[in-house]
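Dear colleague,

I am handing over the structure below, with the sequence alongside. Please have both open while you read the notes that follow.

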There are 4 protein chains.
Amino acid sequence: MDALTIAGKAYASRLLVGTGKYKDFDETQAAIEASGAEIVTVAIRRVNIGQDPNQPNLLDAIPPSRYTILPNTAGCYSADDAVRTLRLARELLDGHSLVKLEVLGDPNTLFPNVLETIKAAETLVKEGFDVMVYTSDDPIIAKQLEEIGCCAIMPLASLIGSGMGILNPWNLRLIIEQSKVPVLVDAGVGTASDAAVAMELGCDGVLMNTAIAHAKSPVLMASAMRKAVEAGREAYLAGRMPRKLYSADPSSPMSGLIGRS
Amino acid sequence: MDALTIAGKAYASRLLVGTGKYKDFDETQAAIEASGAEIVTVAIRRVNIGQDPNQPNLLDAIPPSRYTILPNTAGCYSADDAVRTLRLARELLDGHSLVKLEVLGDPNTLFPNVLETIKAAETLVKEGFDVMVYTSDDPIIAKQLEEIGCCAIMPLASLIGSGMGILNPWNLRLIIEQSKVPVLVDAGVGTASDAAVAMELGCDGVLMNTAIAHAKSPVLMASAMRKAVEAGREAYLAGRMPRKLYSADPSSPMSGLIGRS
Amino acid sequence: MDALTIAGKAYASRLLVGTGKYKDFDETQAAIEASGAEIVTVAIRRVNIGQDPNQPNLLDAIPPSRYTILPNTAGCYSADDAVRTLRLARELLDGHSLVKLEVLGDPNTLFPNVLETIKAAETLVKEGFDVMVYTSDDPIIAKQLEEIGCCAIMPLASLIGSGMGILNPWNLRLIIEQSKVPVLVDAGVGTASDAAVAMELGCDGVLMNTAIAHAKSPVLMASAMRKAVEAGREAYLAGRMPRKLYSADPSSPMSGLIGRS
Amino acid sequence: MDALTIAGKAYASRLLVGTGKYKDFDETQAAIEASGAEIVTVAIRRVNIGQDPNQPNLLDAIPPSRYTILPNTAGCYSADDAVRTLRLARELLDGHSLVKLEVLGDPNTLFPNVLETIKAAETLVKEGFDVMVYTSDDPIIAKQLEEIGCCAIMPLASLIGSGMGILNPWNLRLIIEQSKVPVLVDAGVGTASDAAVAMELGCDGVLMNTAIAHAKSPVLMASAMRKAVEAGREAYLAGRMPRKLYSADPSSPMSGLIGRS
């Protein structure tokens, strides 16, 4: 099997999904089912996974027995906040160590604050967390996060909730080529082809939320995304044809390009 | 079922494939099987479908009982040549009327000659052929071909055998919006995401050959293309999220863009 | 001097401009002055150059003694209309033979009708006109128009009045490489960088109207366009540096690309 | 005059140039003359501006009486190295306080190390330097550098020496919109249109070296760049026409796009 291995565990699906912005837990559940995702991320500050025993609990819809729950720090703007949030998550999830760290720099753009992200990553790794880390597409920062011990690097394709797709495939390529841990595109995917492009670049996986939850038909889009991630992965493994300006062109001027042969 | 109907017949698959450039008929067969295609196009001038009874016959590998065989005029540079070739195909295929017309303008670029294409289409439609027509992405020519009575319009995404993907999505959009017959992208797809983009634009299908046959692993790429076409179609039907520069942006500046919400 | 020669006459400026959509003739005059253009195109069906002796005459603001007036057939949808319009222009302009032919296919998109364009070009060339011809970016049609005897090929960059820039540089490149007469981008330029890109591709000139007339400050934009066309031309002649993914990259993967080294 | 003001001094030219990679000081001088640049940056570690009294001194070709010399830290990979280098430059240049800080993260890609850059900026600002700072296109880092007191933010368009142009105009736009000090694109410009695009985005200036020095004809390219920067600036000030898919399109779907109306 062409498995994605994160923190020592193998997954058949390379599509990771969020749980926010759905109409209700039923829709969340149906969309996640259709996506085929095995790892489901949850914003600890926004979603009830037991903090409030009197409210519906997401984990009843998305049971940890079936899914790997990935607590995340959406809404945190400092290392301290993020660390505190993930310690709480660990308690709520019985010592679960796999987490997604994100520290944002600006409530408007939701661009990551890479300095605070690095600080938080250092603390969390020391405390034994398996840290999947959301970051910019800066390859030097990505390297530093890997050296700190993060178990997956998750650069943005474009801003959270923007649906703008992959704005700078070149930086992603630099990150993919240098990384020894899995690289997953996180944030910015807007439609199926965006996910396919990410996988064709050589990403190990894609994480998304809004692209599914805010489609007119989330369940159908979840199915589209499942197929797109598989298609992109298979195309990457299959090795695409060379690009040429025209078929009889003796040179192959486009080799080296994105999605290159 | 979300079927593609061409000349009165419904197809579950929206991926049409060619038969050229494979190592041998076994590879052709395995790749077409993996692609899920139901319509398979054959270059009458290049492939033996019975013209030479002493050579292996493609139809033994790709039987017409299972596939809709779509004879095409690859290698024809005039209306006369194309018409003659398709009359021959009709004989070889027992009166079969569905054909793919292409008249090229230049052996180097393989760009279509739209004037000769129009002439040939007029003759073929009068003779009772169901003409799927390869053309440029010129929306006025596309309209004229539809008015002549072609049963499907097949604009290029980029040059035959180039793998350059969709160079001008805007023209494709104009063609899709105006057409009452199916529009299929023909030529130029290089990898899975290209096929997904074509479908997200609203194309009814995609035809390809080199992208599969010249991948390092044609069978795996055929599977990727099958999933990519389905993913793109589902994403189109699901209705993608709006594009925004950033999530909190009050305007939605990117509506109207390709793959628009 | 690096002159642009059209129909035997040399011009220092490679920027050609239109006269439509301005507030009044004063603004037209000031913008054209700032653009440095020597060839000024006039829509015979829309602008008074003497058809109506009781109305202000554009030629008082843009005198033929100073500018080469290029009558055009904007608003014509058939070869007959276009030919008739240019015969009238020749009378009004005392036997002047240099004209710009455009035959449109659709009042909505203003996309050219290449079939009618070819018909009109054949007639006009026979009647002794020097025909600069507006067309799509189809290289086969461009070749046919050159063979008919047109003295300049003027492919669109994108639709008239769209300001969308150069949608398909690859087709332009094919046209530029094959043509022995000047190739000028006509239609679609929206801002200064679009004009520079056209020139860097190797175009011999650029014709525009809306990009100047509908800028907030037309006179300043005219100056910008003058500089952009010169900058693009000089960059083309200077020979750009090679593109590389990064400086130390041993291969130069981007050669052959648009604006290539 | 539409002046660029940096650290309290007004400049007519918005094009800043480097001095590396030329054949000899004569070519350097001729190209800089043709570029119209008033600020000229010098890599203190590579170019002799008096460190070695026995070698030719760049300042004889590019005299500080005529040009603002901008010492830079090319080749520095740590805050300490960069600070030390700029202290030396201040001595060599008689107390001159305007400097360009760059701290690189990797000798291969030359991508900036933003953590070390921030450290160095803090020290240099405290020591009274006027710091123009090279950085990634991360808007949060750009904001932090501005808050530290840098007098100009200089994000990359693409990697140093790559000539890849502006890979992510969206991030540049976020930086431009938030910044109260001048924003200059530094690194990545490959040809004239790239410089025009940067200015149309609203950048206050552009700094380049390789695009001029490694053109086949550096002096002609320098002239092209001068015009391109002026063209882009004027187009920005003139306010471009709106983008539309086609002229008669009732909506203006492309507003908000790069180079937007």
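Between chain A and chain B an area of about 3800 Å² is buried, 61% of it from carbon and sulfur atoms; buried area here is the accessible area (1.4 Å probe) that two parts lose on being put together, summed over both. Of the area that chain A buries against chain B, 17% is supplied by A:K227, A:E234 and A:M241, more than by any other three residues.

Please keep in mind that this is a predicted model, in which local features need pLDDT of at least 70 and side-chain atom pairs count only at pLDDT 80 or more, while totals for chains, interfaces and linings use all residues. Residues are numbered from 1 along each chain as its sequence is written, chains are lettered from A and ligands numbered from 1 in the order in which they are written, and side-chain values use heavy atoms, with hydrogens and water left out.

With contact taken as heavy atoms within 4.5 Å, chain A gives 47 residues to the interface and chain B gives 47 residues. Chain A is superposed on chain B by a rotation of 180° with 0.0 Å of shift along its axis, at an RMSD of 0.0 Å (least squares on the C-alpha atoms of residues with pLDDT of at least 70 in both). The two copies are therefore related as by a two-fold rotation axis, and the same surface serves both, since 100% of the contact residues of chain A recur in chain B.

Four salt bridges are found across this interface, a salt bridge being a side-chain nitrogen of Lys or Arg within 4 Å of a carboxyl oxygen of Asp or Glu. In one of them A:K227 pairs with B:E234, with the closest N and O atoms 2.7 Å apart.

Turning to chain D, helix α5 (residues 139–148) is mostly covered, with eight of its ten residues buried, where buried means under 20% relative accessible area, exposed over 50% and partly exposed in between (1.4 Å probe, protein chains only). Among the buried residues of α5(D) are D:I140, D:L145 and D:E146, and what covers the buried residues includes α4 (114–126) of chain A as well as α4 (114–126) of chain D. Just after α5(D), D:G149 takes a positive phi of about 120°.

With best wishes

Conventions
Helices (H or I, at least four residues) and strands (E, at least two) are DSSP runs, numbered from the N terminus.
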